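Try each task before you read its solution.

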Amino acid sequence: MEKKDIIQSFKDSFFTGLIALALFGPIVGLRTASKGEGLFITPQWGVVFVLVGLCILGRFLINLNSARKTEITFFSKFTSKFSALTEDKAKHFAITAILFAVVFPFLPFTDRYFMDVAIMILTYIMLGWGLNIVVGLAGLLDLGYVAFYAVGAYSYALIATTFGWSFWICLPLAGLFAAFFGILLGFPVLRLRGDYLAIVTLGFGEIIRIILINWYEVTNGPDGITGIPRPSFFGLPFKRSPDEGETSFHLFFNLEYSTMHRIIFLYYLILVLALITNYFTLKIRKLPVGRAWEALREDEIACKSLGVNPTNTKLTAFAIGAMFGGFAGSFFATRQAFISPESFTFIESAIIVAIVVLGGMGSQTGVVLASIFLIGITEMFRDLEQYRMIAFGGAMVLIMVFKPKGILANRKPTILMHGDKK
Amino acid sequence: MLKISNVETFYGKIQALRGVDLDVNDGEIVSLIGSNGAGKSTLLMTISGVNKAKRGNIVFKGENIENIQPHKIVDMGICQVPEGRRIFSRLTVEENLRLGAHANEKGKYFENDIKEVYDLFPVLSDRKTQRGGTLSGGEQQMLAIGRALMSKPKVLLLDEPSLGIAPKLVNQIFVSIKNINKEKNVTIFLVEQNAKKALELADRAYVLVNGKVTIKGPGQELLKNKDIQAAYLEGGAKN
């Protein structure tokens, strides 16, 4: 490395330090504490000093690394090996992952907590795959995806509590409702692209949430909807003591009652829903409409000149993406048995977008890895309480530094020649 | 076959076409030359329906098409190879070609059509699993033309096929255009800055200046025209 580079790195790190100081100074450095009568400011310059130092050091190390131009640090070695592995053996990886997911509930170390985290990760994987249709394939940046999740959850909750219909009837209805909302959002944004589209979709997400809060007669406002029916195993409820004339799951299969039965059932339910989403996406990519989505992402004018109808193409992308969001929402509602507008804030949209972008736009496997990474890391640091969001942010920064285009950035072609081994 | 009369197109308040009259007959190669900003690409986009004409008529096979949506115009048999090729760069060569067949019966005759394109441009066949963005400029142009041919057009609109391409490949592409016209019986409407090449190839040609046709006539005749030589041939395009 040349001397020039080192000096440059020092300079850059110094400025990073200044920015860190400006940020951490007031946020961390000045802490208000109530003593006796009134608030006092207690300075914590020591903590600020450490944080700024860490930023400078981190920036300097990154600079050193990029100045060498070859990726030789531990992280990049690890990630590049990892992605080479998954790209070459994507199929094996997928099969192994699915097998693991299938046996996961029966592994010896799997307890209630692991199951809950796994269900959460799978929900996000499904949402990521759903959003991937809109963002990854059609290239329409949707920052309000949580709206469809919410529409799905509320449709399911309202239909199920009002009419008492079973999960398997309510689920497709909720999906249809969400798809309808997808088209509703699609129409006004047909002419928009990029940043402008992102802003409008963001607004749409907020509109839905605010409607949910204020339309008290229907949605019960901020109090939410309670008593949403739990799913049943094809008519067999998961109850310790079933109502008269009913047989519950454990009695039918002659098992001892355990709450885990329901959890395991929920786990398989979301696993199947997510895999359906994935299968659907993989199939539709090979059909004209899926190809049109990808073409639209690449170049809208070329699409028009080739006879692709951009209106229909965009609307189908929004509708289908929204439908899967709606399915996931139904699942969320039935799992929680209680929903309120609080579950559908912008941060949810942001996490889902982050999963799609960090996974590598359009990569199905990338979504899985990013979900496990982001949700898993946030869970792992749950003991740190509010500081775990730092872990979340840190995870994103790490991916963006070492894999700027996402974990799996390469798009797999939909057509491969026979015997073609790349 | 394609008759354009008194077409005016605007970008906001700026008028790009000031009453263009032009016609293309069945089986012809017609070239349109003009300098930067004359409105050549705007005219093609207006024919394709991507830009809408504010006034005037565009008649294709006896039907007015000036208010028809772009994808329906492609269905009717007019396909454009846009300026700058506009390849779907992350999609493979074959996927690009499949997208061209989008309008054509949803790929019913796909296998046969794609074979014809590969016969016309063998290099595409070698690169069918390669991403569009990794091709050279000339190969991309071939792909763009091949992609447009997949929609089985009756009229092919070509926007600056020589732009940013090595001279040797330019010749090859112009030969291909001639072949497409003669062998596949596709009418060609070619827009070019490379005036010499465009005029040599053309049965008839038009010159567009400031959104208006100023000169028209057989290609060979325009090559000898003093004004055209002064404005378009001697300075810029000598190759």
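**Exercise 1. Find the contacts of Arg59(A), leaving aside its neighbours within four places in sequence.**

Solution. Start with the contacts: Arg59(A) touches Asp12(A), Ser13(A) and Thr16(A), where contact means C-beta atoms, placed from the backbone, within 7 Å. A word on the model before going on: it is predicted, so local features need pLDDT of at least 70 and side-chain atom pairs count only at pLDDT 80 or more, while totals for chains, interfaces and linings use all residues. Residues are numbered from 1 along each chain as its sequence is written, with chains lettered from A and ligands numbered from 1 in the order in which they are written.

Helices (H or I, at least four residues) and strands (E, at least two) are DSSP runs, numbered from the N terminus.

Arg59(A) has 19 C-beta neighbours inside 10 Å, so it counts as partly exposed; buried takes 20 or more other C-beta atoms within 10 Å, exposed 12 or fewer, and partly exposed lies in between.

**Exercise 2. Work out how H15(A) and H16(A) are oriented to each other.**

Solution. First take the geometry: helix H15 (residues 346–359) and helix H16 (residues 364–380) of chain A pack at an angle of about 125°, with axes 7 Å apart. Axes are lines fitted to C-alpha atoms, for helices over the stretch in contact, and angles run from 0 to 180 degrees between N-to-C directions.

Now look at who takes part: the contact includes Ile351(A) and Leu358(A) of H15(A), and Val367(A) and Leu374(A) of H16(A). By class, the contact of H15(A) with H16(A) has nine nonpolar, three polar and no charged residues. Ala, Val, Leu, Ile, Met, Phe, Trp, Tyr, Cys and Pro count as nonpolar, Asp, Glu, Lys and Arg as charged, and the others, Gly among them, as polar.

**Exercise 3. Describe the side of chain B that touches chain A.**

Solution. Begin with the count: 27 residues of chain B are in contact with 22 residues of chain A. Helix H2 (70–76), strand S6 (78–81) and helix H3 (93–100) of chain B each give two or more residues to this side, and H3(B) gives the most, with five. Finish with the classes: nine nonpolar, 10 polar and eight charged residues.

Definitions and conventions:
Contact = placed C-beta atoms within 7 Å. Parallel < 35°, antiparallel > 145°, perpendicular 65-115°, else oblique.
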